[in-house]
Amino acid sequence: MAFLSCEDVIEVDLPTSEPRLIIDANFSVFFNENPMTMEGSIILKLSAPFYQEELAPANNATVFITNMNDDSVYEFEEKEDTGIYEPKAPFDLPNFNDTYELTVLYGTETYKGSTVLIPSVPIDEISQGDDTLFTGDETEVVVKFTDNASRDDYYLFDLDFDLYLPTEDKFYQGEQFVFSYFYEDLEPGKEVTITINGVDQQFYNYMTILVDQSGQNGGGPFESAPSTIRGNIVNTANPDYYPLGYFSMSEANRLSLVIE
């Protein structure tokens, strides 16, 4: 006995648009480490059509950061053809009172964004907990930190493995705050590094939306093309053709934990 079926081919017009430049320019400054360091790079990619997951690198751009207080300029160069731009020379640690301007020249467009260094607080302690969530196989990591009572703070936690958590001190102003994060597929002996970054309210709002959209699936909020929410970078000649992404500088603190 044979079974035959007939299938109609349905063509679907997927939404397309001209690719936009994605600028991921986020720097973390670790003042409490010896030696003091700054980590970060500038990643340039092009947004992709609907259902296309891979983002093409934006090559051959001219990229630099200017300290607007003393006009010092820090040039960046692309690492091979990756779209990752790193400083040509050692980058001076930023100052809290200075304003920094990012300039990206790509094709015929000029993109600019400015930021200041945002303060943070230390992490008091991280430890492994015993609780689980749904499957019973999750690993609990407990994080404790104390908010600064003298200001309104916004934080971005880098929870390792491209996982992020934005939080604000609205409900724990000046107090110690404790929260748990539950990881999947963490084997004993695996090291987890938790980093707290100080951010401003605009970046907090931006990352809250991106984390919600990414679903914290381990790919990171910048791995796929974000929706057209505006960051703090503009196209100077063509404002409607604005880029996606953000430019930030954060004071940061981190602690590591080996899973038992």
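These legends describe close-up views of aromatic rings in a predicted model. Local features need pLDDT of at least 70, side-chain atom pairs count only at pLDDT 80 or more, and totals for chains, interfaces and linings use all residues. Residues are numbered from 1 along each chain as its sequence is written, and side-chain values use heavy atoms, leaving out hydrogens and water.

**View 1. Tyr 172 and Phe 177 form a stacked pair.** Rings of Phe, Tyr and Trp (its six-membered ring) pair if their centres lie within 6.5 Å; planes under 30 degrees apart count as stacked, over 60 as edge-to-face and the rest as tilted. The whole structure holds 18 aromatic pairs. Here the centres are 4.3 Å apart and the planes meet at 20 degrees, so the pair is stacked. Tyr 172 is buried, at 4% relative accessible area. Phe 177 is partly exposed, at 28%. (Buried means under 20%, exposed over 50%, partly exposed in between, with a 1.4 Å probe and protein chains only.)

**View 2. Phe 203 stacks with Tyr 246.** Their centres are 4.4 Å apart, with 25 degrees between the planes. Phe 203 lies in helix 1 (residues 201-214) and Tyr 246 in strand 16 (residues 244-258), so the pair ties together parts 43 residues apart in sequence. Helices (H or I, at least four residues) and strands (E, at least two) are DSSP runs, numbered from the N terminus. Both Phe 203 and Tyr 246 are buried.

**View 3. Six residues form one aromatic cluster.** They are Phe 145, Tyr 155, Phe 157, Tyr 172, Phe 177 and Phe 179.

**View 4. Arginine charges sit over rings.** This requires NZ of Lys or CZ of Arg within 6 Å of the ring centre and within 35 degrees of the ring normal. The charged end of Arg 20 lies over the ring of Tyr 242, 4.4 Å from its centre. For Arg 254 over Phe 30, the distance is 3.7 Å.
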